[in-house]
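Thank you for asking for a note on this protein. My comments are set out as numbered points, to be read beside the sequence and the structure.

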Amino acid sequence: MTTPHPAADPAGTGAPSRVLVLNSGSSSVKYQLLDMKDGGRLAVGLVERIGEDTSRLVHTPLLGGGGEKREQTGPIADHAAALKAVAAELAADGLGLDSPELAAIGHRVVHGGMRFTAPTVIDEEVLAEIERLVPVAPLHNPANLTGIRTAMALRPDLPQVAVFDTAFHTTMPEAAARYAIDVETADAHRIRRYGFHGTSHAYVSRETAKLLGREPEEVNVIVLHLGNGASASAVAGGRCVDTSMGLTPLEGLVMGTRSGDVDPAVTFHLKRVAGMSVDEIDVLLNKRSGLVGLCGDNDMREIRRRVEEGDEKAVLAFDVYIHRLKKYIGAYYAVLGRVDAVAFTAGVGENAAAVREAAIAGLEELGLAVDAELNAVRSDEARIVSPEYARVAVAVVPTDEELEIARQSYALVRGEQGA
């Protein structure tokens, strides 16, 4: 059990209750300030195009019913300058980083390997381990580290908490996590299936159980996180037992620009026959594949518009997307043995009724069905879209990764869970 940080006041008397959540990308910082007394948001914002002359900060105060969105443009040199600008915007609303109400800063970290199975208070040893994992997350972990170090410099006295995308998936059994390659080679180079989007899968699986009026420990859920990046998970009694992404976020479902599952020999073939370099193949599979590779678009709304117009490339892209999705639903049904719900989440999962309908179509023998009228309703609320007679619930559950990060960070600094 991690010792609570003094600033957290675990006794609960006059305890600071606010958590600033930071998601640092290579050229952006997304942030939200939440009050954990009720989970309410006090401010949200985004800094983008860091390091360019056209940097942009958009800040929206929400305290007291919400305020007017503020926007500034102009050069923001680096993440340190970006966080200082964020701090200034928060201070203008009386929510500065020097506030005694701030209990912690929670950081999204994409890759935690096998060592980090829970949220962790960050120290130099933790930073070093996140650094060691850069080779398996070269696009994400360096940016996450930059955000952490900048925040630590601004508030060295405040607990900084890392919440890892991979942590929820560390409960996978070895049979699911291992690739069938030489064990010594795999272990020497940390090659195994880690999975990603873990904060979303954790949050949505719990919220689905709540929607069913049951405890997470009683429910088996297939979670489909469908955004530009997409992943599926099989969650048995609150624990992940399988997930579609692997060593990297490339494996699994068809995504906006990523291929998802592909025969590994495709890479050898492209190198030998097309003369492509490893870097060129990397770009092809991660940035020029998936929906955009099949039809030139990675926005599902545009693809559906083109499908309605009879565009053959869009029809093919949609069909490939749904075929892969349906395969994973069936596979995870087999892994779980009993399924209580299939939950759709993230941008596409929450908003694309046609995707939900097509993914479930033909699975009636598995107890799955979608009610067309319920499925067509647009809502920000968690809801069931299957008919009453369906043996397995089909749910739409809006994800809230920032709230999940804030909850885990706050529980840790209050001494309610160990690292």
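The points below go from the overall fold to the strands and then to the charged side chains.

1. Basis of the note. This is a predicted model, in which local features need pLDDT of at least 70 and side-chain atom pairs count only at pLDDT 80 or more, whereas totals for chains, interfaces and linings use all residues. Residues are numbered from 1 along each chain as its sequence is written, and side-chain values use heavy atoms, with hydrogens and water left out.

2. Overall form. The protein holds 15 helices and 14 strands, where helices (H or I, at least four residues) and strands (E, at least two) are DSSP runs numbered from the N terminus. Its C-alpha trace spans about 55 × 55 × 45 Å along the principal axes. The radius of gyration is 22 Å, which agrees with the value near 22 Å for a compact globule of 419 residues; this radius is taken over C-alpha atoms, and the globule rule is 2.2 Å times the number of residues to the power 0.38.

3. Among contacts (heavy atoms within 4.5 Å) between residues at least 6 apart in sequence, 63% join residues at least 24 apart.

4. The eight-stranded sheet. An open sheet with mixed pairing has the strand order β5-β4-β3-β2-β1-β6-β8-β7, two strands being paired if DSSP finds at least two bridges between them. Its edge strands are β5 (70–73) and β7 (120–121), each of which pairs on one side only. Helix α1 (residues 79–92) lies across β1, β2, β3, β4 and β5 and runs at about 25 degrees to β4; such angles run from 0 to 180 degrees between N-to-C directions, with axes as lines fitted to C-alpha atoms, for helices over the stretch in contact.

5. Pairing around β1 and β2. Strand β1 (residues 18–24) is joined in the parallel sense to β6 (residues 102–109) by five bridges, and Leu 20 stands opposite Ile 105 in β6. With β2, by contrast, β1 runs antiparallel over seven bridges; the two are connected by a hairpin of four residues, and Leu 22 has Tyr 31 in β2 as its bridge partner. Six of the seven residues of β2 are buried. Seven bridges also link β2 to β3 in the antiparallel sense, and in their hairpin, which has four residues between the strands, Gly 39 takes a positive phi near 75 degrees.

6. Strand β10 (residues 230–236) is mostly covered, with six of its seven residues buried. It runs antiparallel to β9 (residues 220–226), to which seven bridges join it, and the two form a hairpin with three residues between them; Ile 222 has Ala 234 in β10 as its bridge partner. The pairing of β10 with β11 (residues 239–243) is antiparallel over four bridges. In the hairpin of β10 and β11, which has two residues between the strands, Gly 237 takes a positive phi near 55 degrees.

7. Salt bridges. The count comes to 29 salt bridges, each being a side-chain nitrogen of Lys or Arg within 4 Å of a carboxyl oxygen of Asp or Glu. Glu 71 forms one with Arg 56, their closest N and O atoms being 2.9 Å apart. Since Glu 71 lies in strand β5 and Arg 56 in strand β4, the pair ties together parts that are 15 residues apart in sequence. Arg 115, Glu 125, Glu 129, Arg 132 and Arg 190 are linked in a network of salt bridges.

8. A buried arginine. Which side chain of opposite charge is nearest to Arg 324? The nearest is that of Asp 261, 4.7 Å away, and Arg 324 is buried yet has no salt bridge; for charge, Lys and Arg count as positive and Asp and Glu as negative, while His and the chain ends are not counted. Arg 324 lies in helix α11 (residues 312–336). Leaving aside neighbours within four places in sequence, Arg 324 is in contact with Gly 252, Leu 253, Val 254, Ser 259, Gly 260 and Asp 261.

Conventions:
Buried < 20%, exposed > 50% of the residue type's maximum accessible area, 1.4 Å probe, protein only.
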